[in-house]
Amino acid sequence: MEKKKRVSSVPERARDVNSKEIFKNHRLCSQFLRDNVDIPQLKQVQPEDIEDVSERYQAYFGVEFETDTVKKIRLKDESGKPVAVPLYMISLIEHKSGVDHDIMMQLLRYMVCIWHEYAKEMEREKKGISRRKDFQYPPILPIVYYEGSGRWTASRYLRDRIQLSDVFGRYVPDFWYEVVRIHNYSNEELLDRRNEMSLIMLLNKLQSPEEFHEFRKAPPEKLADALRNADSHILELIEDVMYSLMMKMNIPVDEANEYVKAIGGNQMGYLFENMEKIDIQEERRKVAEERKRGEEARKQTEEARKQTEEARKQAEEERKRTEEAKRRTEEEKNRADKAEKQLAAAENIRQESEYKVYIASCKEFRCTKEDTVRRFICKFGKRLSEEEVEAEKIVNRYWDEV
């Protein structure tokens, strides 16, 4: 392995690192799987256990694979012995701050094609094998690697993208995909891993000068440990990530080049000692503008409150002019309260009826009580404060009645 004792030559231009290039490095990919996927068989995965097979599927998807990768992984059991069944991993790279809600369908297309190609490969070795009862397809691990700072709000169940899935659920293929969102991890968690992939994830988390300043407080020995065994290619990737970050922080190009050279010169741990020239004036200007707009909004709100208060006083004086008007107002209020209670009671009856009809429908389709609870959550979850608990109580309450 080529060690990192070298001097970088950093082009004087901003460079964004494609995450596919990161995952293409099997050392980084193996670190990512060991640290971020809770599957025991992946806790021992090594770079030599990973094979990139993305090109095999380009004929199916063309340009889609410019940002996505498919890996074939040789699994090992807990004793370290190889397992005969391979694991395929689909990684979808999401840089956008927004969320792609149709990503589930993209994953499904990939999975079907991988299984189709696997069957063809097995058929070439032994004709007719895929039609045998004991033939099984390999597992596939779908992962979305999400660098956006916002929450991942897309559903992770296919059934949520299918109309009438609450009725036709048994006919809908369903699966779950993993989302690795880098902003779910604290700086300390990533630094404690002390490896290159987690350092890249940490750098990609930084979105503001304030976050960058906080990062500069990282213990130098942990940063040094993260790069202790990095090869030349990984160092270049980290240099590119760091350089792009510095451009976003408005650091002058000459200074950025000098700082990035410290990575290749085995000085990562002390990289930030003299980085006091980060330009945060633009951020301060934006904060000042926001404060000014907030103050103007506050004044407008205060003026509106005063006008409202004056109108309320006038209305109060008008009410006091006549006892009859006050009495009529009270009567109207009582009638409104009564109508509201009646409406609430009717709504409760309607909801109970709707729940019973739905539970009866599920029983008619021979759903188990457990299936009915899950479908009930999908159908009525937005009404329930504690979805699973309330859904189970409601189903139990009406199960024997319908």
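This is a predicted model: local features need pLDDT of at least 70, side-chain atom pairs count only at pLDDT 80 or more; totals for chains, interfaces and linings use all residues.

Is Cys-378 buried, partly exposed or exposed? Cys-378 counts as partly exposed, because its relative accessibility is 39%; buried means under 20% relative accessible area, exposed over 50%, and partly exposed in between, with a 1.4 Å probe and protein chains only.

Residues are numbered from 1 along each chain as its sequence is written, and side-chain values use heavy atoms, with hydrogens and water left out.

Let me stay with the cysteines. Cys-362 has 4% relative accessibility and therefore counts as buried. Which cysteine sulfur is closest to that of Cys-362? It belongs to Cys-367, and the separation of 4.8 Å is too far for a bond. A disulfide is taken as a pair of cysteine sulfur atoms within 2.5 Å, and a search of the whole structure finds zero of them.

His-233 lies in helix α10, residues 232-248; helices (H or I, at least four residues) and strands (E, at least two) are DSSP runs, numbered from the N terminus. With 34% relative accessibility, His-233 counts as partly exposed. Setting aside residues up to four places away in sequence, His-233 touches Glu-21 and Asn-25, where contact means heavy atoms within 4.5 Å. Asn-25 is 208 residues from His-233 along the chain, yet their C-alpha atoms are separated by 8.4 Å. Their side chains make a polar contact at 3.0 Å. That term denotes a pair of N or O atoms within 3.5 Å; within protein, one must be able to donate a hydrogen and the other to accept it, and residues adjacent in sequence count only if both atoms are side-chain atoms.

His-183 sits in the loop between β5 (178-181) and α6 (187-193). Its side chain reaches the backbone oxygen of Glu-147 at 3.5 Å. Beyond neighbours within four places in sequence, the contacts of His-183 include Gly-148, Ser-149, Lys-205 and Gln-207.

Finally, the chain as a whole. It has 15 helices and five strands, and 40% of its 402 residues are buried. Of the contacts with a separation of 6 or more, 67% join residues 24 or more positions apart. The chain exposes about 24200 Å², of which carbon and sulfur atoms supply 48%; the accessible areas come from the Shrake-Rupley method with a 1.4 Å probe, and for residues only the protein chains shown count as cover.
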